[in-house]
Amino acid sequence: AALAADQPTQGSLVPFNPVRRIVAQRLAESMRTVPHFYLSAQIDMTGMRELARRIEPDVVCAAGSKPGVTVLIAYIVARVLGGHPRLNASVEGEAMRTHDAAHIGIAIERDGDLVVPVLRDAGTRTLVELARDFAQLRDAVRDSSIKPAQMRGGTFTLSNLGMYDVDAFTAIINPPECAILAIGRTQDAPVVRDGQVVVRPIATFTLSSDHRIVDGVAAARFMSALRQAIEHPDVVP
């Protein structure tokens with residue numbers, strides 16, 4: 001006979017572990033209390049690929065691995081945030097606190113849980129330094145040696161699911177931050193350049209913002225500046 005509508009299906013009940021419990025509480029609170037809104041942009045990643053090739057020898061020497069797109073974007077985002085303080089801010093009661101430095105959280109999966117280690121002072125560190133710092137944080141996450149202090153104090157977060165062939169997605173803001181940037185996969189697509197159709201590597205970036213601090217125009221200006229910086233990384237200080 002069919003199960004009654006109020007009868008649970010068979011299966012296993014798996015209690016949340018401490019990490020999942022904290023993540024669930026924080027993200028549920030964020031969606032409940034923070035008025036999210038979203039902006040998306042499709043950005044040409046040609047310049048980023050050239051930047052990665054150019055700095056690869058130095059990064060491999062310092063960090064022992066090739067420079068990944070996440071750390072390149074963290075470097076660019078941290079510098080763009082310097083001109084857009086409302087995106088690098090947090091709500092405190094009925095006030096907004098802007099932050100003097102950009103501390104970029106990087107969302108990383110570990111054994112089915114989400115952890116967000118923080119790249120400190122990303123706006124003043126060199127790209128090679130950031131790549132080395134990120135490699136150390138990533139390795140600490142993988143071997144479960146990451147310390148709570150290394151996951152505190154973020155002012156802006158990146159979530160990159162491009163390596164899982166995700167085209168685009170929206171991310172939930174990590175309180176008390178007021179914005180998070182979601183990055184989809186880079187794939188070749190036809191675009192028009194100088195009146196000609198050419199193929200370029202394109203990725204979709206989606207910004208989630210807290211409308212209590214960030215208005216639509218402020219978010220759009222940030223995304224426009226981010227596009228310029230990613231497509232022309234040679235002019236980024």
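How many Å should the 16 residues of helix H5 span at 1.5 Å a residue, and how far apart are its end C-alpha atoms? The expected span (1.5 Å times one less than the number of residues) is 22 Å for residues 216-231, and the end C-alpha atoms sit 22 Å apart, so the two agree.

This is a predicted model, so local features need pLDDT of at least 70 and side-chain atom pairs count only at pLDDT 80 or more, while totals for chains, interfaces and linings use all residues. Residues are numbered from 1 along each chain as its sequence is written, and side-chain values use heavy atoms, with hydrogens and water left out.

**Helix H5**

- Helices (H or I, at least four residues) and strands (E, at least two) are DSSP runs, numbered from the N terminus.

**Salt bridges**

- There are eleven salt bridges in the structure, each a side-chain nitrogen of Lys or Arg within 4 Å of a carboxyl oxygen of Asp or Glu.
- One of them pairs Asp44 with Arg200, with the closest N and O atoms 3.8 Å apart; Asp44 is in strand E1 and Arg200 in strand E10, 156 residues apart.
- Asp44 counts as buried at 8% relative accessibility, whereas Arg200 is partly exposed at 27%.
- Arg193 joins Asp44 and Arg200 in a salt-bridge network.
- Asp234 bridges to Arg54, the closest N and O atoms being 2.9 Å apart; Asp234 lies in the segment after H5 and Arg54 in helix H2, so the pair ties together parts 180 residues apart in sequence.
- Asp133 and Arg125 form another, at 2.7 Å between the closest N and O atoms; Asp133 is buried at 15%, while Arg125 is partly exposed at 24%.

**Arg138**

- Arg138 lies in helix H4 (residues 127-142) and counts as buried at 19% relative accessibility.
- Beyond its neighbours within four places in sequence, Arg138 is in contact (heavy atoms within 4.5 Å) with Ser65 and Ile108.

Notes. Buried < 20%, exposed > 50% of the residue type's maximum accessible area, 1.4 Å probe, protein only.
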